[in-house]
Amino acid sequence: MRKALATGLALAFVTSGIVTGGAHAGEVTIAGYETCPAGKVCVYERWHGTGPRWEVPGCGWWELPSWIRNEVSSVRTHGNAMRLLDLADGTIVGNVRAHTSTNLASWEDDRADKVYVEC
Ligand SMILES: [Ca+2]
Ligand SMILES: [Ca+2]
């Protein structure tokens, strides 16, 4: 059910991009991974780079803010790879390469408490 909903949302965004695209006044920014500024690593509460976003402040280990802990479902990286850690059992629940926009796998979804940014 969640997967179907997320896919529907993504299609809605793509459709709105086609309809409203172009460098005109009033252009609607397409929601999704594009909201992650260049050079940052971003984690998103929902799939396809949607929902509340947290920008990882820098290199190394960071604890996720409480509002997105155990909620991360998609990730965007630019020049840095990242890892996601679940403190519940100490396992790495995601390895994301540089220059990647991805949903987390179902077994990685909504588990991360800390992230590591490679620099
Ligand atoms: Ca989530
Ligand atoms: Ca966790």
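View 1. β5 and β8 run antiparallel to each other, and 4 bridges hold the pairing on record here. Pick out Met-82 and you can follow one of those links: its bridge partner in β8 is Val-117. Keep Met-82 in mind, as this residue turns up again in the core.

**View 2. β8 also pairs with β3.** Here β8 (residues 114-117) meets β3 (residues 60-63), again antiparallel and over 4 bridges. Look for Trp-61, whose bridge partner in β8 is Tyr-116.

**View 3. Zooming in on Tyr-116.** This tyrosine sits in strand β8. Is Tyr-116 buried, partly exposed or exposed? Tyr-116 counts as partly exposed, because 19 other C-beta atoms lie within 10 Å, and being buried takes 20 or more. Setting aside residues up to four places away in sequence, Tyr-116 touches Gly-60 and Trp-61, and also Met-82, Arg-83 and Leu-85. Trp-62 is 54 residues away along the chain, yet its C-alpha atom and that of Tyr-116 are separated by 6.4 Å.

**View 4. The largest nonpolar core.** This core has 17 residues, and the ones touching the most other members are Val-43, Val-72, Val-75, Met-82, Leu-84, Ala-112 and Val-115. Which elements give two or more residues to this core? They are β1 (42-44), β5 (82-86) and β6 (91-96). As a rule, nonpolar side chains in soluble globular proteins tend to be buried together.

**View 5. Around Val-72.** Leave out the neighbours within four places in sequence, and Val-72 is in contact with Val-43, Tyr-44 and Glu-45, along with Leu-64, Leu-84, Leu-104 and Ala-112.

**View 6. Stepping back to the whole chain.** The protein has 1 helix and 8 strands, and the order from the N terminus is α-β-β-β-β-β-β-β-β. Of its 119 residues, 24% are buried. Among contacts with a separation of 6 or more, 58% join residues 24 or more positions apart.

View 7. Mean pLDDT for the protein is 83, with 74% of residues reaching 70 or more. Residues 11-24 are another story: pLDDT stays under 50 there, and the model has 8 contacts beyond four places in sequence for this stretch. Where pLDDT is low, the predicted coordinates should not be read in detail.

Methods:
Residues are numbered from 1 along each chain as its sequence is written. Chains are lettered from A and ligands numbered from 1 in the order in which they are written. This is a predicted model: local features need pLDDT of at least 70, side-chain atom pairs count only at pLDDT 80 or more; totals for chains, interfaces and linings use all residues. A residue is buried if 20 or more other C-beta atoms lie within 10 Å of its own, exposed if 12 or fewer, and partly exposed in between; C-beta atoms are placed from the backbone. Two residues are in contact if their C-beta atoms, placed from the backbone, lie within 7 Å. A nonpolar core is a set of buried Ala, Val, Leu, Ile, Met, Phe, Trp, Tyr and Cys residues joined through C-beta atoms within 7 Å. Two strands pair if DSSP finds at least two bridges between them. pLDDT is the predictor's confidence in each residue, from 0 to 100.
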